[in-house]
Amino acid sequence: MTGEPSPLDPAEKVDLWRQRFFEAQAAAEEFILAEHGEEGLAAWIQANSRITADLLRAQRPAGVSATDHFMTRLQRQLLLYDSAVTSDPQPSGTVLRNADCGILRYRRRAARAGVVLTFSSPCPYCQKLNTAIAARYVEPDVTVSCDQAGDGCTWRAESAHPPEGDDAAGSPQRGRTGG
């Protein structure tokens with residue numbers, strides 16, 4: 001390398017941040033599984049969900065329910081990888097449809113480039129981690145669940161007591177998780 005490096009354009013920066021995050025996550029997963037096995041991974045999910053739920057509490061905008069905040073965060077996380085995500089307000093809550101998961105695409109591309117993947121699929125880990133975060137964060141009468149379908153998934157945040165009248169369509173204002 002010689003001379004001054006040219007600055008990265010915004011798309012290059014996004015790709016590099018995505019790559020670095022992927023590398024750090026893969027290294028953590030590989031270490032935890034090698035040193036502590038499946039029990040260690042379960043403990044990591046619990047610790048990660050506690051830390052993330054605490055951060056979400058500190059970051060939650062005024063006037064936004066924990067459930068709305070969680071579902072928006074999940075949607076934005078999927079969009080970071082260019083997933084095909086839509087949000088569909090329902091009378092009992094919010095449904096996020098991830099028709100084509102960019103995380104799966106990204107991992108497949110990495111595997112084709114020779115990257116050794118810790119998990120054959122990230123889906124079980126993603127589902128366990130995000131439902132554990134929701135269990136610690138969203139309001140008590142909301143269930144957050146995920147159903148896998150092909151190269152995507154559907155996340156639901158459903159209130160046991162949906163609002164009536166004008167507030168009937170939209171996300172729940174209270175929450176709990178189930179799977």
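# Salt bridges, threonines and a pocket

Arginine 156 is partly exposed, with a relative accessible area of 24%. In this report, a residue is called buried under 20% relative accessible area, exposed over 50%, and partly exposed in between, as found with a 1.4 Å probe and protein chains only. The structure is a predicted model, in which local features need pLDDT of at least 70 and side-chain atom pairs count only at pLDDT 80 or more, while totals for chains, interfaces and linings use all residues. Residues are numbered from 1 along each chain as its sequence is written, and side-chain values use heavy atoms, with hydrogens and water left out.

## The chain as a whole

The chain contains 4 helices and 4 strands. These terms refer to DSSP runs: helices are H or I runs of at least four residues, strands are E runs of at least two, and both are numbered from the N terminus. Along the sequence, the elements follow the pattern α-α-β-β-α-α-β-β. The C-alpha atoms occupy a box of roughly 65 × 40 × 35 Å along the principal axes. Of the 179 residues in the chain, 39% are buried. A contact requires heavy atoms within 4.5 Å. Among contacts between residues at least 6 apart in sequence, 64% join residues at least 24 apart.

## Salt bridges

Side chains of opposite charge can pair when their charged atoms come close. A salt bridge is counted when a side-chain nitrogen of Lys or Arg lies within 4 Å of a carboxyl oxygen of Asp or Glu.

| Arginine 18 | Aspartate 82 | 3.8 Å |

Arginine 18 counts as buried because its relative accessible area is 12%. Asp15, Arg18 and Asp82 are linked in a network of salt bridges.

In the second pair, both members are partly exposed: arginine 97 has a relative accessible area of 35%, and aspartate 88 has a relative accessibility of 26%.

## Helix H2

How far apart are the end C-alpha atoms of H2? They are 21 Å apart, which agrees with the 21 Å that its 15 residues should span at 1.5 Å a residue. The expected span is 1.5 Å times one less than the number of residues in the helix. The buried residues of H2 include Phe70, Met71, Leu74 and Leu78. Aspartate 82, which follows H2, has a positive phi, near 60 degrees.

## Three threonines

Threonine 52 lies in helix H1 and is buried, with a relative accessible area of 10%. Apart from neighbours within four places in sequence, threonine 52 contacts Arg73 and Ile133.

Threonine 94 is part of strand E2 (residues 93-100). Its relative accessible area of 7% makes threonine 94 buried. Between threonine 94 and alanine 132, the separation is 38 residues in sequence and 18 Å in space, C-alpha to C-alpha.

Threonine 154 is in strand E4 (residues 152-159). Is threonine 154 buried or exposed? Threonine 154 is buried, with a relative accessible area of 16%. Leaving aside neighbours within four places in sequence, its contacts include Arg97 and Asp147.

## The largest pocket

On a 1 Å grid over the protein atoms alone, a pocket is an open set of points with protein on both sides within 12 Å along at least five of seven lines, unlike a cavity, where a 1.4 Å probe fits but cannot get out; lining residues have an atom within 4 Å of a point. Grid points are joined across faces, edges and corners, and the volume is the space filled by probe spheres set on the points.

The largest pocket has a volume of about 880 Å³. Its lining has 38 residues, of which Phe21, Gln25, Gln77, Tyr81 and Ile103 lie nearest the centre. Two or more lining residues come from each of H1, H2, helix H3 (102-112), helix H4 (123-137), strand E3 (142-149) and E4. H1 gives the most, with 10 residues.

By class, the lining has 23 nonpolar, 10 polar and 5 charged residues. Here Ala, Val, Leu, Ile, Met, Phe, Trp, Tyr, Cys and Pro count as nonpolar, Asp, Glu, Lys and Arg as charged, and the others, Gly among them, as polar.
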